[in-house]
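These are my notebook entries on one structure, kept in the order in which I looked things up. I write each term out once, with its cut-offs, when I come to need it.

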Amino acid sequence: MKTAVIVFPGSNCDRDLAVAIETITGTAPVMLWHGETELPAGLGLIALPGGFSYGDYLRSGAMSARSSIMRAVVDAAGRGVPVLGICNGFQVLTEAGLLPGALMRNAGINFVCRDVALTVDNSQSIFTSRYDAGEAITIPVAHHDGNYFADDATLDRIEGEGRVAFRYAEAVNGSARNIAGVISDGGNVLGMMPHPERMIEAAHGGDDGRRLFEGLLEAVA
Ligand SMILES: NC(=O)CC[C@H](N)C(=O)O
């Protein structure tokens, strides 16, 4: 599968994500700087990594969402190309309007960096087909702006449409309805605060993140 990882100034999970993608898909992703204007043809995945792009100035992800490569990402997403945003990548996707809602400062103000228990809400998506609905998994988080917010009508709609991919099984950051990951209305864009690329092999303490990439590989093939 041909993949691309977008690198913004201040991304710091881009290499981890590239290693996870290469380990699982067998092919190294193309690393694309944010100032590029075009994506390679035939991508099976565009991945937006975690980090502190533009130092989280203004709002986390807000400045990256306006970078030139994001115009191409929004266009590709509209054509159905799978897009995965992890942590700061999720923040960029909400700021770019590809996903509903916003990521606010954690309710407890603190930066939270630890493994968290999640439940898989929807196992029907291209990202979650290798999990069982309701399955309990563990994936780490590391953020200060992970407090997912959307108005009640939006929350009701995304829940009703099966667009909540993952929920925190415990209170982590104050997120509305404990939402940890959201899928777009087209089904091809996923944003999530937990880091699946940090949980793909025993040395990470578990491999619950691995099936996300495996499921996607299968779906795209
Ligand atoms: N690991 C990350 O991507 C951090 C995301 C973000 N900048 C925050 O702390 O909220």
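Entry 1, burial. I first wrote down the rule for burial: a residue is buried if 20 or more other C-beta atoms lie within 10 Å of its own, exposed if 12 or fewer, and partly exposed in between, with the C-beta atoms placed from the backbone. I also noted that this is a predicted model, in which local features need pLDDT of at least 70 and side-chain atom pairs count only at pLDDT 80 or more, while totals for chains, interfaces and linings use all residues. Residues are numbered from 1 along each chain as its sequence is written.

I looked up L58, whose phi is positive, near 75 degrees, although the residue is not a glycine. L58 counts as exposed because it has 11 C-beta neighbours inside 10 Å, and its place is the loop between β3 and α2 (68–78). For such labels I noted that helices (H or I, at least four residues) and strands (E, at least two) are DSSP runs, numbered from the N terminus. R177 is not a glycine either, and its phi is positive at about 50 degrees. R177 sits in the loop between β9 (164–168) and β10, and with 15 other C-beta atoms within 10 Å it is partly exposed.

Which residues does UniProt list for "active site"? The unreviewed entry lists C87, H195 and E197. They span 111 residues in sequence, yet no two of their C-alpha atoms are more than 11.0 Å apart, so they gather at one spot. I keep in mind that UniProt positions are given in the numbering used here, that feature names are shortened, and that annotations may be inferred rather than shown by experiment.

I found C87 in the loop between β4 (83–86) and α3 (88–95). Is C87 buried or exposed? C87 is buried, because 29 C-beta neighbours lie inside 10 Å. I then looked up contacts (C-beta atoms, placed from the backbone, within 7 Å of each other). Leaving aside neighbours within four places in sequence, C87 is in contact with C13, G50, A142, H143, M193 and H195. H195 belongs to the loop between β11 (189–192) and α5 (210–220), and H195 is buried too, with 23 other C-beta atoms within 10 Å. Not counting residues up to four places away in sequence, the contacts of H195 include C13, G50, I86, C87 and A142.

β4 and β11 run parallel and are joined by four bridges, and G85 has G191 as its bridge partner in β11. Strand β10 (residues 179–183) runs antiparallel to β11, with three bridges between them, and here G181 is partnered by M192. The hairpin of β10 and β11 has five residues between the strands, and in it G187 takes a positive phi near 85 degrees.

Two strands pair if DSSP finds at least two bridges between them. By this rule nine strands form an open sheet with mixed pairing, in the order β2-β1-β3-β4-β11-β10-β9-β6-β7. β2 (30–33) and β7 (136–143) are the edge strands, since each pairs on one side only.

I picked I137, which lies in strand β7, and it is buried, with 22 other C-beta atoms within 10 Å. Leaving aside neighbours within four places in sequence, I137 is in contact with L118, V120, Y131 and D208. I137 and G10 are 127 residues apart in sequence and 29 Å apart in space, C-alpha to C-alpha. In α5 I found R211, L212, F213 and L216 to be buried, and the buried residues of this helix pack against α1 (14–25) and β3 (45–48).

Terms used
Two residues are in contact if their C-beta atoms, placed from the backbone, lie within 7 Å.
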